Amino acid sequence: MRYKITIEYNGRNFSGWQKQQHSTNSIQETIESAIFSFSGEKIMLYCGGRTDAGVHAFGQVAHFDMQREFELYRIRNAINYHLKSIPIVVLNAEVVDDAFHARFSAKKRHYEYRIVNRYAPAALEYGYVWPVFNPLDINIMQEAAKYLIGRHDFSSFRSKDCQAANPVRTIDSIDIIQDGNRIHIKISALSFLHNQVRIIVGTLVEFGKNKTDPREMLNILNECKRAAAGVTAPSCGLYLVKIDY
């Protein structure tokens with residue numbers, strides 16, 4: 001049986017989604033251990049979007065295969081029981097056919113980045129937002145973001161450690177919403193390069209902070225060099241919201 005699960009987690013104290021050779025603190029390995037604890041089966045968990053250390057998720061999706069068949073509520077409840085006191089929760093479990101793959105069947109991924117823009121630091125939201133102290137011009141950020149929509153070579157917006165063979169990606173939408181001193185940046189695409197969302201956010205923040213001409217974003221794209229873009233925003237403000245299939 002192939003099962004699909006939807007997962008919510010607080011990534012603050014994890015090394016990221018993917019299992020690491022010298023770490024046992026990945027979200028993937030933690031859930032795999034929980035599944036083994038109730039089923040006795042060693043499974044491999046495949047996710048829809050690999051999140052880095054410190055990144056959170058409202059709607060991560062993963063799938064795994066098991067020899068035994070379980071009722072869906074038992075899978076959800078049993079995993080959650082063995083994850084108690086750990087900030088990872090399975091929201092839903094479904095049976096899917098063998099053609100489904102959490103990563104390769106995805107049609108769109110939706111991320112949201114959260115900023116608190118004020119002179120005072122974040123207290124209650126510490127570790128879950130990026131506190132930016134300089135006033136940001138939201139209009140400039142919105143105009144600059146328009147140049148990133150569509151299909152482009154995003155070499156300027158990927159980590160130097162990115163292993164993707166092709167830097168070309170298509171961004172479907174970027175919405176920047178301000179609510180008082182809260183700024184939410186929502187980005188949707190089929191796929192992203194390593195750190196692409198965080199570098200886009202960091203670059204947009206620099207535009208808003210320095211009142212940069214929004215047309216300069218086109219020059220950054222055309223440079224195709226990481227040094228042309230802005231800083232990489234910290235992981236704590238990034239959330240994987242949902243994945244479309």
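**View 1. The largest pocket of this predicted model holds about 1200 Å³ of space.** Its lining is made up of 39 residues. Nearest the centre of the pocket lie Gly49, Arg50, Arg103, Phe192 and His194. By class, 17 of the lining residues are nonpolar, 14 are polar and 8 are charged. Strand 2 (46-47), strand 5 and helix 4 (196-210) each give at least two residues to the lining. Helix 4 supplies the largest share, with 3 residues.

**View 2. Strand 5 pairs with strand 10, strand 9 and strand 6.** Strand 5 covers residues 108-117. Of its 10 residues, 8 are buried, so strand 5 is largely enclosed by the rest of the structure. With strand 6 (residues 130-132) the sense is parallel, and the bridges number 3. There Asn117 stands opposite Val132.

**View 3. His110 sits in strand 5.** Its relative accessibility is 15%, so His110 counts as buried. The cut-off for buried is under 20%. A polar contact of 2.6 Å links the His110 side chain to the side chain of Ser188. Leaving aside residues up to four places away in sequence, His110 touches Ile187, Ser188, Tyr239, Leu240, Val241, Lys242 and Asp244.

**View 4. Strand 8 and strand 9 form a hairpin with 2 residues between the strands.** Strand 8 spans residues 168-179, and strand 9 spans residues 182-189. They pair in the antiparallel sense over 8 bridges. Asp179 has Arg182 of strand 9 as its bridge partner. In this hairpin Gly180 takes a positive phi near 65°.

**View 5. Strand 7 joins strand 8 in an antiparallel pair.** Strand 7 covers residues 150-153. The two strands are joined by 4 bridges. His152 has a bridge partner in strand 8, Arg169.

**View 6. His101 lies in the loop between strand 4 and strand 5.** With a relative accessible area of 19%, His101 is buried. A polar atom of the His101 side chain lies 3.3 Å from the backbone nitrogen of Phe104. Not counting residues up to four places away in sequence, His101 touches Tyr46, His63, Ala106 and Tyr245.

**View 7. Asp98 is placed in the loop between strand 4 (88-96) and strand 5.** Asp98 is exposed, at a relative accessible area of 65%. His101, found in the loop between strand 4 and strand 5, is buried. Along the chain, Asp98 and Tyr3 are 95 residues apart. Their C-alpha atoms are separated by 9.4 Å.

**View 8. Ser85 has a positive phi, near 75°, and is not a glycine.** The residue is found in the loop between helix 2 (72-82) and strand 4. The relative accessibility of Ser85 is 80%, so Ser85 counts as exposed. The cut-off for exposed is over 50%.

**View 9. Cys224 takes a positive phi near 55°, in a residue other than glycine.** This residue belongs to the loop between helix 5 (216-223) and strand 10. At 33% relative accessibility, Cys224 counts as partly exposed.

Notes: Residues numbered from 1 in each chain as written. Predicted model: local features only at pLDDT ≥ 70, side-chain atom pairs only at ≥ 80, totals over all residues. Heavy atoms only, no water. Buried < 20%, exposed > 50% of the residue type's maximum accessible area, 1.4 Å probe, protein only. Polar contact = N/O pair within 3.5 Å; in protein donor to acceptor, adjacent residues only side chain to side chain. Contact = heavy atoms within 4.5 Å. 1 Å grid on protein atoms, 1.4 Å probe; cavity = no way out; pocket = protein on both sides within 12 Å on 5 of 7 lines; lining within 4 Å. Points joined across faces, edges and corners; volume = space filled by probe spheres on them. Nonpolar A, V, L, I, M, F, W, Y, C, P; charged D, E, K, R; others polar. Pairing = 2+ DSSP bridges.
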